[in-house]
Amino acid sequence: MMRHSENSVASEGVSGVGQLPETAEEQQPKKKKFRWKVDYYGILFIVPFFVVYAIFSLYPMIYSIALSLTDYEGFNRDIGLVGFVNFTWLATQPRFWQSLLNTVMIFCMNFVPQMLFALIFAAMFTGKTYKMRGKGAFKGIYYLPNILTATSVAVMFYTLFARPSGGLWQLLTHMGMSTDVNLYLMPWPSRIIIAFIQFWMWFGNSMITLSAGILGINPSVFEAAQLDGASQKDIFVHITLPLIKPIVVYSLVVSTLGGLQVFDIPYLFLSGGPALTDGRNATETVAVYIYKMAFTGDMRYNIASAASVYLFVICMIVSFVLFRITHSDELKEQKRMERRIAKRGGVA
Amino acid sequence: MKGKRVMAVALSAALLGTAAGVMAGCNNRGDKLIYWVFDRDMAQQVRDYYATEERNLGYEIEIETVPLESMLTRLDNALRTGTNLPDVVALEAETFKKYIDEGAQFLEPLDEYKDLTANMYDYTVEAATGPDGHLYALATNVTPGVFAYRRSMAEAVFGTDDPEEIQKHFDTWEHFLESARTLKNFTGGGDYPEGIKVISSYMDIGKVFCGSRTQGWVDENDRLVIDASLTDGEYSMMEVAKTLQTEDLSHETTSGDGTYYSDVWDNKVFGFFQATWGLNTNLKNNCTDSSGEITSDGDWAIIPGPAAYFEGGTYHVVIKGTKWLEEAKEFVKFFSTDETYLKNWAKEHGDFMNNKEYMQDLVEDETANNAFLGGQNPYSIFIEQAEKINGEIITRYDSEINSTFEAWATNYAELDGKAPTIAEAVAQFKNAVAASLTSITVD
């Protein structure tokens, strides 16, 4: 009964909506009829995105850039333009540069093993000859950390490495670490744990992306290689890897941008600590620095905005460079191929 | 084709609707008095004592319970933009001073209640008065800190569980450390194979020292001041922390983590430094293990300990420009002056409220004896400690600077071999303050 009534409402809706453009069509000159219709729906489809994007992304972005040029701090409402003072001030802050360095260090420590493990598992799960039991279950398990909220993950790892009763802390003391050691006061262990959490949370995600890439390769290529007697290793190195390069590049770009803006785990785990000299902090990333500048203490929105503009510029440069590298590679590849063909043609 | 059209229209409508909804959310509601609070118990007390059926206010109160840090971010944004503002807000002592300093801009003065403050603790009134001399907030509770200990352990180690006798072992930092050593070496014939740790987290002494300073973190010119009790001498905060750490006298947990709370029932730790509310929130709520078999309920008692300090405290403010001015003021007044509420709430939660007279009444009131504290009436000790609180040390920077100082005191106490000297730690502490709080002058 319910189902029936729902259907009838839906069909009414369809005819109701459907009639509108038809009358519009009749009023249009015949020539433009088709084009108008396409544009109309095309625009309708993209308008929501642009509206939402303008409100939630474009406006805040422009507003941040504008704020970075002002003296907007605390509850001060008389805002004046001050030029690039905030940028030059930030440039003299060891704490800011350290936060940038921390971001890069944590990213590198997490990204390299992440891609490595993702590749290995993706190859294992998509292998044609190596039939593995319970693939789906493993894929699900490896992806699971990504579904957990960052808060739970941060609390869980904090508890594991906390003195004096964290499970992993105790394991380390049994392996010879002094019971006086508090890992959370030591810069490198803290960074490594954060990088590990990032790795643990995201390698499943990369694995799924890479698996999709591998599955997208035409199976006949693998079959041809197998017929020619190529080993599994050869197939992986000479066929799989080169063919999923675009996906690897995609992962690289997305992870790098995500890595540069990482906030949740470093903030929730040790809130940027442990403290280093000169006001620097060992696990404070740029995003954490921005948050602290804007929403704690003196509430320096201008400095936070300037820092986010720096971050924005860095992200732009990094993505530009990454795209440039991959793009030129494609061109080179093409030229190389052309040369090879030309050479062969010459010989023939 | 028709399906696609419907999809397009539906999707657009949905997305635009979301955007419109967000925009609409920016408008003030105004048909209810909006109260923001950071603690669930306090939200409940409004329902239990104020917006009750018998009292029949004639309007509704919308209570929003938001964790403190998120609430402050939200409040700051609301105050800056003047939108989405609540009518009454509960603020907390460590972070509320910045709003009082900007009182004229954001808060309604409560000067008409100045007469009512005679019975309140002076420091709460002092802290709630803005630089312009107006009163901007009323404190609901007063939060002197005490040292809570396990009666059974005291009996075993010191031969008595009587608070007056035990206080003699903990009345100065020197005696505190001596007793800590005694506890550590006490095995009780195998009952305590690893000895007893005097406290769970040695950095808990940070709040005791910071709350008992004689000078605030900044002087009247916003110049950084480091109280001598934190850094100078054998029994300064930094040295006591280092002694506790190096001699293994504490359980070396971090305040607020899992082991810190399990130490409340586990028979390893002698006591905790807790403020009035902490006895209920941190100790009583965690005094039984998850299986329900082991409990320390009723095995506690409190003493003043080596120093009088305070931690936290709830202040109510009325946001400027509220449409509910009279109702909001009435609300604030109620939670600082109503006898029935103050006394009942104190008895129910073992809390200490901001009225000298009523709290004095509770000293003699046997119904105010606390079962969790083994039947001890805590009010005479609360009063003794509350009288010593120095409200002048409250500044707008407390929360940030306290944690920065504790971080460097921890580095001094712990970093084995690589530990900075006190002078180095203080210098780095100053650098850290300078890097995060530019409005402060650091010498």
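## Start at strand 7 of chain B

Strands here are DSSP E runs of at least two residues, helices are H or I runs of at least four, and both are numbered from the N terminus; two strands pair if DSSP finds at least two bridges between them. This is a predicted model, where local features need pLDDT of at least 70, side-chain atom pairs count only at pLDDT 80 or more, and totals for chains, interfaces and linings use all residues. Residues are numbered from 1 along each chain as its sequence is written, while chains are lettered from A and ligands numbered from 1 in the order in which they are written.

Now click B:Phe147; its bridge partner in strand 7 is B:Phe273.

How many residues of strand 7 (residues 269-275) of chain B are buried? Seven of its seven, where buried means 20 or more other C-beta atoms (placed from the backbone) within 10 Å of a residue's own. Across chain B, 46% of the 443 residues are buried.

Zoom out, and chain B shows 20 helices and nine strands, its C-alpha atoms filling a box of roughly 80 × 60 × 55 Å along the principal axes.

Last stop: the partner chain. Here 35 residues of chain A are in contact with 40 of chain B, contact being C-beta atoms, placed from the backbone, within 7 Å. Pick helix 2 of chain A, which gives the most to this side of chain A, with eight residues.

Terms used:
Two residues are in contact if their C-beta atoms, placed from the backbone, lie within 7 Å. A residue is buried if 20 or more other C-beta atoms lie within 10 Å of its own, exposed if 12 or fewer, and partly exposed in between; C-beta atoms are placed from the backbone.
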